[in-house]
Amino acid sequence: MNKNVKRVLAGLTMMVSVGLIAGCGSSEQVGYVDMQKIMTDSQKGQDTRSKLEAKYNEINARLAQEQSAGQDANAMMQSKQKAEQEMQVYQQAMINDFRNSVDTNVQAIAKEKNITAVVEKNALISGGVDLTEDVLTKMGKAANKEQGAATSGDANANATGEQQTENK
């Protein structure tokens with residue numbers, strides 16, 4: 001019985017050793033991107049922000065026109081609710097379009113650099129390979145970076161909805 005236990009233990013030790021040796025050869029790399037920087041510094045990010053601002057201004061102008069036309073309070077409230085819903089749908093579509101563009105470029109760069117996984121910078125505690133500049137180069141850097149750098153991407157994504165809520 002003692003010999004059988006020794007054989008089983010030797011077999012298990014060998015299997016674990018082979019598993020460890022096989023795992024040591026794989027070099028998985030994690031990359032990360034700074035989405036805020038991509039939003040502010042890429043042409044696509046600035047275009048998205050500009051379109052959102054234009055839509056917001058269009059909706060506000062329409063609401064102001066309806067209000068000056070003398071709509072009653074109930075009708076005005078319904079108009080504001082419709083406008084807010086319209087803005088939310090438009091904003092979500094624009095953000096999804098921007099996100100899809102970023103994702104496509106990130107996947108291409110990750111494949112080129114043999115990066116196994118890519119996360120947002122805020123989700124990473126330490127380590128990783130910064131792919132932000134590569135993504136910006138692939139997407140096209142904005143010609144007017146100062147305009148985009150003045151405000152953060154997260155603030156712009158939420159500002160339109162917040163401003164609309166404040167105008168109620």
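Here is a walk through some of the salt bridges in this structure. It's a predicted model, so local features need pLDDT of at least 70, side-chain atom pairs count only at pLDDT 80 or more, and totals for chains, interfaces and linings use all residues. Residues are numbered from 1 along each chain as its sequence is written, and side-chain values use heavy atoms, with hydrogens and water left out.

A salt bridge here is a side-chain nitrogen of Lys or Arg within 4 Å of a carboxyl oxygen of Asp or Glu. That rule gives 11 salt bridges.

Start in helix α3 (residues 43-68), which holds both Glu 58 and Arg 62; helices (H or I, at least four residues) and strands (E, at least two) are DSSP runs, numbered from the N terminus. These two residues sit 4 residues apart, about one turn of the helix, and pair up with their closest N and O atoms 3.9 Å apart. They also belong to a salt-bridge network with Lys 55 and Glu 86. Glu 58 is partly exposed at 41% relative accessible area, and Arg 62 is partly exposed at 29% (buried is under 20%, exposed over 50%, partly exposed in between, with a 1.4 Å probe and protein chains only).

Now for Arg 99 and Glu 120, whose side chains meet at 2.7 Å, N to O. Arg 99 lies in helix α4 (residues 73-112) and Glu 120 in strand β2 (residues 117-120), so this pair ties together parts 21 residues apart in sequence.

Finally, Lys 138 bridges to Glu 112, with 3.6 Å between the closest N and O atoms. This pair links distant parts of the chain, helix α5 (residues 132-139) and helix α4, with the two residues 26 apart. Lys 138 is partly exposed at 41%, while Glu 112 counts as exposed at 56%.
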